[in-house]
Amino acid sequence: MTEENGVDDLIIKVLGHKERKRILRIIASYPEGVSYTGILGETGLSTGRLNYHLGELEGFITRNENRQYSLSELGEKAVATL
């Protein structure tokens with residue numbers, strides 16, 4: 001398997017889950033970054049569920065020194081395919 005195929009498979013796995021797609025779209029809608037509380041409020045998920053999905057989105061999202069989430073390059077590629 002090539003690295004590109006692996007990335008494509010990873011994107012498909014993430015985009016195959018409606019809550020993860022929604023989280024990525026929320027983060028994408030805040031180019032300056034969005035807080036955990038902001039994501040939590042928009043999704044209505046429990047903290048445990050949100051923490052799980054944020055963990056599953058590792059590599060697709062980043063968190064800056066102000067604890068704001070934004071899309072990584074891979075995350076931007078994933079959102080562009082939505």
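Student: Leaving aside its neighbours within four places in sequence, which residues is S72 in contact with?
Tutor: This is a predicted model, in which local features need pLDDT of at least 70, side-chain atom pairs count only at pLDDT 80 or more, and totals for chains, interfaces and linings use all residues. Residues are numbered from 1 along each chain as its sequence is written, and side-chain values use heavy atoms, with hydrogens and water left out. S72 is in the loop between β2 and α5 (73–80); helices (H or I, at least four residues) and strands (E, at least two) are DSSP runs, numbered from the N terminus. With contact taken as heavy atoms within 4.5 Å, and neighbours within four places left aside, S72 is in contact with G59, F60, I61 and T62.

Student: Which backbone oxygen does the side chain of S72 reach?
Tutor: S72 has a relative accessibility of 13% and counts as buried, the classes being buried under 20% relative accessible area, exposed over 50% and partly exposed in between (1.4 Å probe, protein chains only). One of its contacts is 13 residues away in sequence, with 6.8 Å from C-alpha to C-alpha. At a distance of 2.6 Å, the side chain of S72 reaches the backbone oxygen of G59.

Student: Which residues of helix α4 (residues 47–56) are buried, and within what arc do they fall?
Tutor: The buried residues of α4 are L50, H53 and L54. Seen down the helix axis, they line one face of α4, because they fall within an arc, taken over the directions from the axis to the C-beta atoms, of 100°.

Student: R20 is buried yet has no salt bridge; what is the nearest side chain of opposite charge?
Tutor: R20 is in helix α2, and its side chain makes a polar contact with the side chain of H53 at 3.2 Å. A polar contact is a pair of N or O atoms within 3.5 Å; within protein, one must be able to donate a hydrogen and the other to accept it, and residues adjacent in sequence count only if both atoms are side-chain atoms. Lys and Arg count as positive and Asp and Glu as negative, while His and the chain ends are not counted. For R20, the nearest side chain of opposite charge, 4.0 Å away, is E56.

Student: Which side chains meet in a salt bridge?
Tutor: A salt bridge needs a side-chain nitrogen of Lys or Arg within 4 Å of a carboxyl oxygen of Asp or Glu, and by this rule the count comes to 1. At 3.3 Å, N to O, the side chains that meet are those of E19 and R49.

Student: How many residues apart in sequence are the parts that E19 and R49 tie together?
Tutor: R49 is partly exposed, with a relative accessible area of 38%. E19 lies in helix α2 and R49 in helix α4, so the separation of the parts that the pair ties together, in residues, is 30.

Student: What is the radius of gyration of the protein chain?
Tutor: The protein chain has 5 helices and 2 strands, in the order α-α-α-α-β-β-α from the N terminus. The radius of gyration is taken over C-alpha atoms, and the globule rule is 2.2 Å times the number of residues to the power 0.38. For 82 residues the rule gives 12 Å, and the chain is close to that value, so it is as compact as a globular protein of that length, with a radius of gyration of 12 Å.

Student: What share of the 82 residues counts as buried?
Tutor: The C-alpha atoms fill a box of roughly 40 × 25 × 20 Å along the principal axes. Of the 82 residues of the protein chain, the share that counts as buried is 32%.
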